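Please look through the structure shown below, and then read this briefing beside it, topic by topic.

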Amino acid sequence: MRTLFMFLFSLLLVQAHSQASDNFLSDSAIRHASFSLYVADVITGESIFDMNSEKSLTPASIQKLITSAVALELLGPDYTFKTELGYTGKIRRTGTLKGDIIIKGGGDPSFASHYFPGFYNDFPEKWIKEIGNNGIRKIKGKVLTDDSYYDFQPVPSKWIWEDIGNYYGAGVYGASVYDNSYDIHFKTSGNGTKPSVTRIAPPDCGFELTNNLIASGTTDRGYVFEPPYSSGGWISGSIPENREDFVLSASIPDPPLLIATMIYNRLKSAEIKVTGDPSTTRLEKQSTVNTFTVVSEYVSPPLSEITEVLNHESVNLYAEHLLKEMGKKFRGQGTTSAGIDIVVQYLDSIGIDTDGAFIADGSGLSPANSINARIIVSLLMYMKQHGKYFDQYYNSLPEAGKEGTLKNFFRDNVFNGNLRAKSGSMTRVRSYAGYFTTKSGREMVFAFITNDFPGPQKNIVSHYEKILKEIILEY
């Protein structure tokens, strides 16, 4: 009798779940779309909900779940980065340094980041003070940033041109600063008028950009086009009309040179003369600065805190830094390709079938990435069951309806305090993956990916919410 009851109950569950899936499939927005949806019991591995779980699709930012998991497991949550200030040569009794001021980058993605306010304590002013404290009054040389820690290809080769000049497309450098982005403030008037630039922040980022913007409507459709290492570019598209202060955030084209220039300018303001122009090891065509006297250093927050920002706020820059760092640490090459090799090698080593994984970067910004829901679920399940640093990983995921990129989603009471997940979003792509618990206490893991749908993304999210809600209430 008990066996019969359980069989009939399971049929009811299938019927309940088919209602949500039928609604999903009957939506006209899904007619030409592709999707890969999977829910499993995180402890037993039992498949709970499966719709094309092995179909590989563009994942967008849930790609970061892979990068952050592997980085935590291989590097450890206490891993840190270091940025050093020093000098070459000798200081004469007159206070003249016959040598260069050196800023040696160590791959810190969070250096002077707005996500860590106060942590780096106005580094330019501190560094100028440290230089003065060492008796330096004149520099017969240059201010030089050693940016050789990583390669000199800041952005992955599969990123698209429309993204690269904007803050979310900022590249990775051996010496990064300010999240490698800056803000352009505009004042806009009526429809069709040209917005005027009111200020740049930080003010050191006054790059030459031709303003081709117009004011139109209420939506931000403005894009900055400026490749890495360039001296200028342009802004095109439209930004909302009749705004006193509208901000576009752009990527800094050469962060290492910007750091050197900032220190150079502040030395001049402090009446410390520098004979040479600011530069970088890339521009000087030298491999690295190996021998110099260190006068100050900054050690980054631990990787656990960097990872929390990465997944809460979906910071592409941090994910790409961690990918290159893994390549540097375990392959001796600070490159995107070396990092990808390490990630795939790790996934293979823990028994995850990577045949359906095509990885082009660490953040998911490239549309060339392709992965399926089953791979993501397998990784999340592994982290729960075997991950050395699962607690740090789990805490890096935003809580539904409250934090980060999930603040405005999954706000039904059934998700309250019950779901942590990473979101992914780009043009015609919406994805989520993470953990939740059912009403009966079963721990679940899920990954939902949908590509190529028309209409607002909130319609797809609504279907996701209904499917998960049914599972939570019925299991």
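In this predicted model, helix H2 (residues 63–75) packs against helix H9 (residues 336–349), with the two axes 10 Å apart and an angle of about 80° between them. An angle from 65 to 115 degrees counts as roughly perpendicular, so H2 is roughly perpendicular to H9.

**Helix H2 and its two partners**

- On the side of H2, the contact with H9 is made by Ile-66, Val-70, Glu-73 and Leu-74, while H9 contributes Ile-342, Val-343, Tyr-346 and Leu-347.

**The buried residues of helix H3**

- Helix H3 (residues 123–133) has Phe-123, Pro-124, Trp-127, Ile-128, Ile-131 and Gly-132 as buried residues.
- What do the buried residues of H3 pack against? Their partners are strand S3 (82–87), strand S6 (101–104), helix H5 (255–269) and strand S18 (293–299).
- After H3 comes Gly-135, which has a positive phi, near 80°.

**Aromatic pairs and a cluster**

- The structure holds 31 aromatic pairs, and one of them joins Trp-161 and Phe-225, whose ring centres are 5.5 Å apart and whose planes lie at 45°, so that the pair is tilted.
- This pair links distant parts of the chain, since Trp-161 belongs to helix H4 (residues 161–164) and Phe-225 to strand S13 (residues 221–225), 64 residues apart.
- Buried means under 20% relative accessible area, so Phe-225, at 14%, is buried, whereas Trp-161, with a relative accessible area of 40%, is partly exposed.
- Another aromatic pair is formed by Tyr-182 and Phe-207, and with 5.2 Å from centre to centre and 65° between the planes it is edge-to-face.
- Tyr-182 sits in strand S9 (residues 181–187) and Phe-207 in the loop between strand S10 (196–201) and strand S11 (208–211), so this pair, too, links distant parts of the chain, 25 residues apart.
- Is Tyr-182 buried or exposed? Its relative accessibility is 2%, so Tyr-182 counts as buried, while Phe-207, with a relative accessible area of 24%, is partly exposed.
- One aromatic cluster is formed by Phe-49, Phe-409, Phe-410, Phe-415, Tyr-432, Phe-436, Phe-446, Phe-448 and Tyr-464.

**A buried and an exposed residue**

- Thr-307 has its place in helix H7 (residues 303–313), where, with a relative accessible area of 1%, Thr-307 is buried.
- If the neighbours within four places in sequence are left aside, Thr-307 is in contact with Ser-68, Leu-72, Leu-322 and Ser-396.
- Lys-285 lies in the loop between helix H6 (281–284) and S18, and at 75% relative accessibility Lys-285 counts as exposed.
- From Lys-285 to Phe-116 there are 169 residues in sequence and, C-alpha to C-alpha, 33 Å in space.

**Backbone details in the loops**

- Ala-201 and Pro-202 are joined by a cis peptide bond with omega about -5°, and Pro-202 lies in the loop between S10 and S11.
- Tyr-178, in the loop between H4 and S9, has phi near 55°, which is a positive value in a residue other than glycine.
- Arg-428 is likewise a residue other than glycine with a positive phi, near 60°, and its place is in the loop between strand S19 (419–426) and strand S20 (429–437).
- With a relative accessibility of 46%, Arg-428 counts as partly exposed.

Note on methods
Residues are numbered from 1 along each chain as its sequence is written. This is a predicted model: local features need pLDDT of at least 70, side-chain atom pairs count only at pLDDT 80 or more; totals for chains, interfaces and linings use all residues. Side-chain values use heavy atoms; hydrogens and water are left out. Axes are lines fitted to C-alpha atoms, for helices over the stretch in contact, and angles run from 0 to 180 degrees between N-to-C directions. Helices (H or I, at least four residues) and strands (E, at least two) are DSSP runs, numbered from the N terminus. Angles under 35 degrees count as roughly parallel, over 145 as roughly antiparallel, 65 to 115 as roughly perpendicular and the rest as oblique. Contact means heavy atoms within 4.5 Å. Buried means under 20% relative accessible area, exposed over 50%, partly exposed in between (1.4 Å probe, protein chains only). Rings of Phe, Tyr and Trp (its six-membered ring) pair if their centres lie within 6.5 Å; planes under 30 degrees apart count as stacked, over 60 as edge-to-face and the rest as tilted.
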